[in-house]
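Here are my notes on rings and charges in this model. Please read them with the structure open.

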Amino acid sequence: MTEKASVGGSAEHLEQEKTGVGGAALGRGTVRDHNRALRQAHDAVTAWSHRALGPGRTDFGGFPYREVVDYYRRVGKLAVSTELVAALRGAGLGVECSGRVRPWSSPDAWVFDRWLPLTFTDRPMNYVSYAGNDVLGVAQWTADGTPEAADAADDRLMAVLLADLVTRETDALAAEGTDPRQRTRTTAVWQALARLADYAPRGLSDTAPLETLRGALGGPDDERAADAARDAVAAIRAEAPPALLTAVEIALLPVTTLHDEQMFLRSIQLFERLFTLTARALTTAVEAVRTDRPADAAAALESAAARLSGSTGPLYRVLTTMPPESFAVIRDHTHGASAIQSRPYQLVETVSAKREGETHRPEKGPLFALDATLQEQFLHRAAGWATQDARRLQDAMVRLDTNWRGMKRTHWGVTMKIIGRVPGTGGTAGADYLKAAADMGLFPLVAAA
């Protein structure tokens, strides 16, 4: 059983390669380590497949994710063994033929069904599969269908995603303590975790560990901040459902062996949650306006605006630590996957308002059809409300619009710093595309009261 050459570095130099920012991912190992990991993953998948096809109920929670994910990360998704991919595909077909995946009777079955296709390397790459977004949807498994419960589930998911990123960068700092770029990156993720309550208020029930971390930042002692960060991570993980922890762990399947790509993937997963929360707030507001509940609509938009305000600075500060040379490698191997394909991002801009002359391009993602946008509903119904209710909702719409455009302007600035004016990952004009997009408001016909 053999493997292809790893993406992100030549095999003969693996042992001497730098780790952390600008280098290889921690735990990448040697070619001998890769071959051992491959054998372990293949044997584990084969053994599980035999159990899955035998009598009795399939134990989806017992699937050998750890062995498979460990191997994929060691070599990069684009260099994995075709034999292992075939074994994984066979496992999926065997379970599907036995009828034990649908209906999804448990969160473990949900995760397995959505994760397995991510391991198939012969499928065209797109944003959803690259980011593992469908796997992370397990966060909604225990939600009761209300927007409040859905928001709380996404808050928990954001907390777990960030906790994983903090762990990776804290470990990298311990390994590369003299590297100023790694210290900058790790400090940025600590700061983002300390601000978690600003953009994921229900991500951790007791915010004392976050306050302790905030107090430890800014001092000369990295050890104190590192200990506080690990304590906050432990608190987050202790509250998370097991299936959510599993989903977050296995949704990280980078195509290269660069440490920076793992940060990049976690960052876009975090932003996807923010897009999802914003889209949910807008759809909630549309229904509230349609049924003449402007106060409920305003509350939903105020919450979304506050999340964007609290998250844009901390999360983009992490992304600014991406070395341009690392992103060039990532971009070369992820053509076809771009955040402009994000379903919730597209939904945000579709639900908010219709725009004259706007055309849909297939590479941007799905096309949503709506009876009426929030802007149209507001302009049609606001005259029948009490003045204070109409003004509150109008102010909430303007604030959300301002914060959404602010986020897009920050994205443009980060892109200029990292890649300049070269083409973007989705075939767009890169920074020029983002600059034009940042000038488009959510509610062009609604002005501040």
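1. Arg114 lies over the face of Trp110, 3.5 Å from the ring centre. Arg89 has its charged end over the ring of Phe120, 4.2 Å from the centre. A charge sits over a ring if NZ of Lys or CZ of Arg is within 6 Å of the ring centre and within 35 degrees of the ring normal.

2. On the source: this is a predicted model, where local features need pLDDT of at least 70, side-chain atom pairs count only at pLDDT 80 or more, and totals for chains, interfaces and linings use all residues. Residues are numbered from 1 along each chain as its sequence is written, and side-chain values use heavy atoms, leaving out hydrogens and water.

3. The whole structure holds 17 aromatic pairs. Rings of Phe, Tyr and Trp (its six-membered ring) pair if their centres lie within 6.5 Å; planes under 30 degrees apart are stacked, over 60 edge-to-face, the rest tilted. Phe271 and Phe275 make a tilted pair, at 6.4 Å centre to centre and 35° between the planes. One aromatic cluster is formed by Trp48, Phe60, Phe63, Tyr65, Phe112 and Trp115.

4. Phe271 and Phe275 both belong to helix 13, 4 residues apart, about one turn. Helices are DSSP runs (H or I, at least four residues), numbered from the N terminus. Phe271 is buried at 5% relative accessible area, and Phe275 is buried at 6%. Buried means under 20% (1.4 Å probe, protein chains only).

5. Phe275 also meets Tyr345: centres are 5.2 Å apart and planes at 70°, so the pair is edge-to-face. This pair links distant parts of the chain, helix 13 and helix 16, 70 residues apart. Tyr345 is buried too, like Phe275.

How values were computed
Helices (H or I, at least four residues) and strands (E, at least two) are DSSP runs, numbered from the N terminus. Buried means under 20% relative accessible area, exposed over 50%, partly exposed in between (1.4 Å probe, protein chains only).
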